[in-house]
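Student: Let's go through this one together, a topic at a time, and please spell out your cut-offs as we go.

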Amino acid sequence: MKDSLKVVILAAGKGTRMKSDLPKVVHKCNGSSMVHHVIEASKAAGAEEICVIVGYKADVVKAVIEEENGPDIASGKISFALQDQQLGTGHAVKCAGDFIGDEGSVAVLCGDTPLITGESIRKLAEVHSERGNGVTLLSAIFTDPTGYGRILRDENGVFTAIREHKDCTDEERKITEINSGMYIFNSAALKKALGEIKNDNAQGEYYLPDAIEIIRGYGLPADAFPVEDENEIFGVNTVDQLAEAEAIIKARA
């Protein structure tokens with residue numbers, strides 16, 4: 001039996017580097033909002049239900065998504081959860097706790113990565129299911145991985161941890177496999193782990209990657225699966241990057 005797949009899309013942030021009053025995820029990329037591209041990729045991957053986490057100017061984000069996805073809103077395929085305070089990615093996903101439920105798998109995607117494809121999400125879900133993982137993160141091989149969290153593996157190539165760039169040793173900084181910030185989780189394991197994430201860090205935020213070690217503590221495997229095209233995990237933070245993403249989408253056609 002095929003594992004059922006739900007998708008949570010993180011779309012609550014402001015996006016200050018866009019220098020715009022509009023929430024980042026509703027900026028248009030090749031005629032559609034950035035978050036719409038992620039919704040379309042989720043549907044192409046076979047997602048049965050999609051929950052968009054909204055926060056900053058939630059009404060604006062919801063209105064744009066409703067305009068672009070009317071039938072799926074009406075049918076209940078697309079729903080929303082509100083993150084009323086920006087307390088980190090772990091907190092954002094926890095706001096969708098009821099949606100996540102206890103069955104099947106749930107992917108957590110980013111609303112500002114319009115280049116992600118349904119094919120890559122589907123492959124990630126297949127690997128996750130076939131290996132019986134508690135969590136499988138989408139990685140990529142970057143020629144210049146500066147600034148990204150590195151994927152650490154042991155001598156047998158088995159995933160061991162994510163190390164943030166600032167915490168890496170000189171040797172670890174030579175690693176070119178990086179974390180995209182997109183994941184697929186066993187739903188029940190994620191829901192349980194979200195209740196255990198702590199915010200004892202400099203920002204006082206709840207970080208989703210902390211759930212990985214918690215889930216491994218349940219005895220479930222964790223792994224990283226590299227995407228074939230590194231452009232797919234390109235996150236848009238500025239107007240220039242938005243233009244770059246649009247050019248890549250147009251080149252695909």
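Student: Which residue of β11 does V135 stand opposite?

Tutor: V135 stands opposite A222 in β11. Before going further, note that this is a predicted model, in which local features need pLDDT of at least 70 and side-chain atom pairs count only at pLDDT 80 or more, whereas totals for chains, interfaces and linings use all residues. Residues are numbered from 1 along each chain as its sequence is written, and side-chain values use heavy atoms, with hydrogens and water left out.

Student: How many bridges join β7 to β11, and do they run parallel or antiparallel?

Tutor: Five bridges join β7 to β11 (residues 222-226), and the two strands run parallel; strands count as paired if DSSP finds at least two bridges between them. β7 also pairs with β10, in the antiparallel sense and over seven bridges. The strands and helices here are DSSP runs numbered from the N terminus, with helices being H or I runs of at least four residues and strands being E runs of at least two.

Student: How many of the residues of β7 are buried?

Tutor: Six of its seven residues are buried, so β7 is mostly covered. Buried means under 20% relative accessible area, exposed means over 50%, and partly exposed lies in between, using a 1.4 Å probe and protein chains only.

Student: Take A140 then; what does that residue touch?

Tutor: Not counting residues up to four places away in sequence, A140 touches T176, E177, I178, P226, V227, E230 and I233, where contact means heavy atoms within 4.5 Å. A140 sits in β7 and stands opposite I178 in β10, and with a relative accessible area of 0% it is buried. Its C-alpha atom is 9.2 Å from that of A224, although the two residues are 84 apart along the chain.

Student: Next topic: how many residues are in the largest nonpolar core?

Tutor: That core has 36 residues, and those with the most contacts inside it are V7, V35, I39, I50, V52, L138 and I233. A nonpolar core is a set of buried Ala, Val, Leu, Ile, Met, Phe, Trp, Tyr and Cys residues joined through side-chain atoms within 4.5 Å. Among the elements that each supply at least two residues of this core are β1 (5-11), α1 (34-44), β4 (49-54), β7 (135-141) and β10. There is also a second, separate core of 32 residues, which includes A12, I151, L190 and I215.

Student: Which residues of α7 are buried?

Tutor: In α7 (residues 187-194) the buried ones are S187, A189, L190, A193 and L194. Seen down the helix axis they fall within an arc of 160°, so they line one face of α7; the arc is that of the directions from the helix axis to the C-beta atoms. These buried residues pack against α4, α5 (97-100), β6, β10 and α8 (210-217).

Student: And at the start of α7, what does a side-chain oxygen of N186 reach?

Tutor: It comes to within 3.1 Å of the backbone nitrogen of A188. A polar contact is a pair of N or O atoms within 3.5 Å; within protein, one must be able to donate a hydrogen and the other to accept it, and residues adjacent in sequence count only if both atoms are side-chain atoms.

Student: Where is E172, and is it buried or exposed?

Tutor: E172 is in the loop between β9 (159-163) and β10 (177-186), and it counts as buried because its relative accessibility is 15%. A polar atom of the E172 side chain lies 3.0 Å from the backbone nitrogen of T169, and, leaving out residues up to four places away in sequence, E172 touches R150, L152, R163 and D167.

Student: Switching to cysteines, how many disulfides does a search of the whole structure find?

Tutor: The search finds zero, a disulfide being a pair of cysteine sulfur atoms within 2.5 Å.
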